[in-house]
Amino acid sequence: CWGENRNGGLDRPPAGALSALDVGSVGACALDADGEIACWGAPDDPLAEPPGGTFVDVAVGWVDWCAIERAGGIMCWGVNEYDAMSDLPEGPFAELTVAGIHGCGLRPDGTIECWGFTYVGEPITSPAGEFSQVSAGNTHVCAIDSAGGLQCWGDNDWGQLDDVPAGSFVEVSAGGVHTCAIDIEARMHCWGDNSFGQTEVP
């Protein structure tokens, strides 16, 4: 790991082979080869102590982190601000994304279910249709639908929902209040807040 080391996020990454990794604002979590969770960098005990058991995916948000159990259910731990993680949907889920005070899960049938809130207190909705990937930003969510197109929803205070590019895409990643996606020709597209040059593709 490299970068700013404010919370000790560079000091304690686990040794050995890892099967999944996610990095958030205050820490990171990984799954080891056996599916057990190891987290580091979090300054608060509720985040630094993940649940026991074995998992297939892990997602690091702001003050709440979540993981998918082998049976497909979701477990979350952390601060649970505004009770955002108190009413989790039942599984099974195949993919998980958490950011801000909300999360979304991708089910094996391609449908998405979201929970929690935006920073202005509005519930995060769940889109209709089938999708291949979903990624949550701090105040919005973007996903790739079954036709390869992008769909985004949530807050639009920083233009997160404006100028969403058309076309077919293979990967999408939502940041704080911006998003980037790679299309089928391996071209990068970014949109939303550009306060620090986030959307200026090199």
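Disulfides, sheet and pocket

Five disulfides are found in a search of the whole structure, which is a predicted model. With the bonded cysteines counted along the chain, the disulfides follow the pattern 1-2, 3-4, 5-6, 7-8, 9-10. Three of these links are described here.

Cys 29 and Cys 39 are joined by a disulfide with an S to S distance of 2.0 Å. The torsion about the S-S bond of Cys 29 and Cys 39 is about 100°, and the disulfide is therefore right-handed. Because Cys 29 belongs to strand β2 and Cys 39 to strand β3, the pair ties together parts that are ten residues apart in sequence. Cys 29 has a relative accessibility of 0% and so counts as buried. Cys 39 has a relative accessible area of 17% and is likewise buried, since the cut-off for this class is under 20%.

A disulfide also joins Cys 66 to Cys 76, again with 2.0 Å from S to S. The link of Cys 66 and Cys 76 is right-handed, with 105° about the S-S bond. Cys 66 lies in strand β5 (residues 64-69) and Cys 76 in strand β6 (residues 74-78), so this pair ties together parts ten residues apart in sequence.

In the disulfide formed by Cys 104 and Cys 114, the sulfur atoms are 2.0 Å apart. The link of Cys 104 and Cys 114 has 105° about the S-S bond and is right-handed. The pair connects distant parts of the chain, with Cys 104 in strand β8 (residues 101-106) and Cys 114 in strand β9 (residues 112-117), ten residues apart. Both Cys 104 and Cys 114 are buried.

The strands that carry Cys 29 and Cys 39, β2 and β3, also take part in a sheet. This is an open sheet of three strands in the order β1-β2-β3, with antiparallel pairing. β1 (18-23) and β3 (37-40) are the edge strands; each has a single partner strand, so one side of each is left without a neighbour in the sheet. On average, neighbouring strands of this sheet are turned by 15° against each other, direction ignored. In general, the strands of a sheet pair through backbone hydrogen bonds, in either a parallel or an antiparallel manner. Here, β1 and strand β2 (residues 28-32) pair in the antiparallel sense over five bridges. Within this pairing, Leu 18 stands opposite Asp 32 in β2.

β1 also contributes to the lining of the largest pocket, with at least two residues. The volume of the largest pocket is about 650 Å³. Its lining comprises 28 residues, of which Asp 22, Val 23, Gly 24, Val 60 and Ala 174 lie nearest the centre of the pocket. Besides β1, the strands β4 (55-60), β7 (95-99), β10 (131-136) and β13 (169-174) each supply at least two residues of the lining. β7 gives the most to this lining, with five residues. By residue class, the lining of the largest pocket divides into 13 nonpolar, twelve polar and three charged residues.

Some backbone features remain to be noted. Most residues other than glycine have a negative phi, and most peptide bonds are trans. Against this background, a cis peptide bond joins Gly 91 and Pro 92, with omega at about 10°. Pro 92 is located in the loop between β6 and β7; β7 is the strand that gives the most residues to the lining of the largest pocket.

Asp 163, although not a glycine, has a positive phi of about 55°. Asp 163 sits in the loop between β12 (150-154) and β13, and with a relative accessibility of 70% it counts as exposed. Ala 186, also not a glycine, has a positive phi of about 65°. The loop that holds Ala 186 runs between β14 (178-183) and β15 (188-192). Ala 186 has a relative accessibility of 63% and so counts as exposed.

Note on methods: Residues numbered from 1 in each chain as written. Predicted model: local features only at pLDDT ≥ 70, side-chain atom pairs only at ≥ 80, totals over all residues. Heavy atoms only, no water. Pairing = 2+ DSSP bridges. Helix = DSSP H or I, 4+ residues; strand = E, 2+ residues; numbered from the N terminus. Axes fitted to C-alpha atoms, helices over the stretch in contact; angles between N-to-C directions. 1 Å grid on protein atoms, 1.4 Å probe; cavity = no way out; pocket = protein on both sides within 12 Å on 5 of 7 lines; lining within 4 Å. Points joined across faces, edges and corners; volume = space filled by probe spheres on them. Nonpolar A, V, L, I, M, F, W, Y, C, P; charged D, E, K, R; others polar. Disulfide = S-S within 2.5 Å. Buried < 20%, exposed > 50% of the residue type's maximum accessible area, 1.4 Å probe, protein only.
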